[in-house]
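Here is a short tour of one fold, written to be read with the structure open beside you.

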Amino acid sequence: MDFKGSDTVVGPAASDLLPDSVAMAVKVVIVGGFGVGKTTLVGSVSEIRPLTTEETMTQAGVGVDDPTGVERKTSTTVAMDFGRISISDQLVLYVFGTPGQERFWFLWNGLFEGALGAVVLVDTRRLEVSFEVIGRLEDRGVPFVVAVNDFPEAPAHPVDELRAALDLPPEVPIVACDARSRESSRDTLMTLMRYLYELAAPPTR
């Protein structure tokens with residue numbers, strides 16, 4: 001087949017290729033309830049064009065998905081989001097976002113395979129949508145940090161109150177995050193990486 005004179009692009013874009021200096025790639029997962037900002041975070045932090053599986057919400061979700069608090073949401077992730085960010089010349093993170101609706105949670109098995117840890121994104125207007133998400137991570141034994149997404153008019157709570165409301169042990173980090181901001185989202189991922197490093201470090205005598 002002759003591609004001469006064609007606009008067809010064969011293979012990945014040069015900007016998507018991993019630098020030769022990269023020695024390690026780590027998989028992490030962004031989880032949370034419906035409409036908490038997972039797709040936004042993956043999109044804002046990714047250095048490559050993110051892969052999304054956003055579809056228009058249809059009548060199929062009526063009576064099944066709970067849109068309370070996100071009534072103006074018109075699309076939703078039905079499989080996953082994917083992005084990549086370089087932490088250093090030698091380390092990159094592959095970032096996977098999960099679907100928020102419970103009817104798509106069967107996809108978690110594949111998305112969590114090989115993942116070292118997770119970020120739980122929460123909305124303080126709807127903390128209850130995070131309870132089962134956190135419970136599932138705890139059941140799986142997946143280390144995680146909690147990131148409180150900065151929504152307009154969302155109530156602010158002291159960290160100790162949030163920890164109590166989410167029933168989190170004292171060692172689990174809780175950080176503020178603006179999922180629209182690349183810098184804030186990167187800082188959240190760095191918090192997860194530091195936490196994973198602490199968990200892996202040998203105990204001091």
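How many bridges join S1 to S5? Seven bridges do, and the two strands run parallel. Helices (H or I, at least four residues) and strands (E, at least two) are DSSP runs, numbered from the N terminus.

Before going further, please keep in mind that this is a predicted model, in which local features need pLDDT of at least 70 and side-chain atom pairs count only at pLDDT 80 or more, while totals for chains, interfaces and linings use all residues. Residues are numbered from 1 along each chain as its sequence is written, and side-chain values use heavy atoms, with hydrogens and water left out.

**The sheet and its helices**

The open sheet has six strands in the order S4-S5-S1-S6-S7-S8, with mixed pairing; two strands pair if DSSP finds at least two bridges between them. S4 and S8 stand at the edges with a single partner strand each, so one side of each is left without a neighbour in the sheet. On average, neighbouring strands are turned by 25 degrees against each other, direction ignored.

H1 packs on this sheet, touching S1, S4, S5, S6 and S8, and its direction makes about 35 degrees with that of S4. H5 packs on the sheet as well, touching S1, S4, S5, S6, S7 and S8, with its direction at about 165 degrees to that of S8. Contact here means heavy atoms within 4.5 Å. Axes are lines fitted to C-alpha atoms, for helices over the stretch in contact, and angles run from 0 to 180 degrees between N-to-C directions.

The two helices also meet each other: H1 and H5 pack at an angle of about 100 degrees, with their axes 8 Å apart. The contact is made by Leu41, Ser44 and Val45 of H1 and by Arg182, Ser185, Arg186 and Leu189 of H5. H1 and H5 are therefore roughly perpendicular (65 to 115 degrees).

**Buried residues**

Buried means under 20% relative accessible area, exposed over 50%, and partly exposed in between (1.4 Å probe, protein chains only). In H1 (residues 38-45), the buried residues are Lys38, Leu41, Val42, Ser44 and Val45. In H3 (residues 131-140), they are Val133, Ile134 and Leu137. Seen down the axis of H3, these fall within an arc of 95 degrees, so they line one face of the helix; the arc is that of the directions from the helix axis to the C-beta atoms.

The largest nonpolar core has 44 residues, and Val120, Phe144, Val146 and Leu189 touch the most other members. Such a core is a set of buried Ala, Val, Leu, Ile, Met, Phe, Trp, Tyr and Cys residues joined through side-chain atoms within 4.5 Å. Leaving aside residues up to four places away in sequence, valine 146 touches Val120, Val122, Leu166, Leu168, Val172, Pro173, Ile174 and Val175.

**Positive phi values**

| Residue | Phi |
|---|---|
| Glycine 141 | about 75 degrees |
| Glutamate 153 | about 65 degrees |
| Aspartate 167 | near 55 degrees |

Glutamate 153 lies in the loop between S7 (144-149) and H4 (159-166), and counts as exposed at 81% relative accessibility. Its C-alpha atom is separated by 8.6 Å from that of arginine 125, 28 residues apart along the chain. Aspartate 167 sits in the loop between H4 and S8 (174-177), and counts as exposed at 64% relative accessibility.

Technical notes:
Angles under 35 degrees count as roughly parallel, over 145 as roughly antiparallel, 65 to 115 as roughly perpendicular and the rest as oblique.
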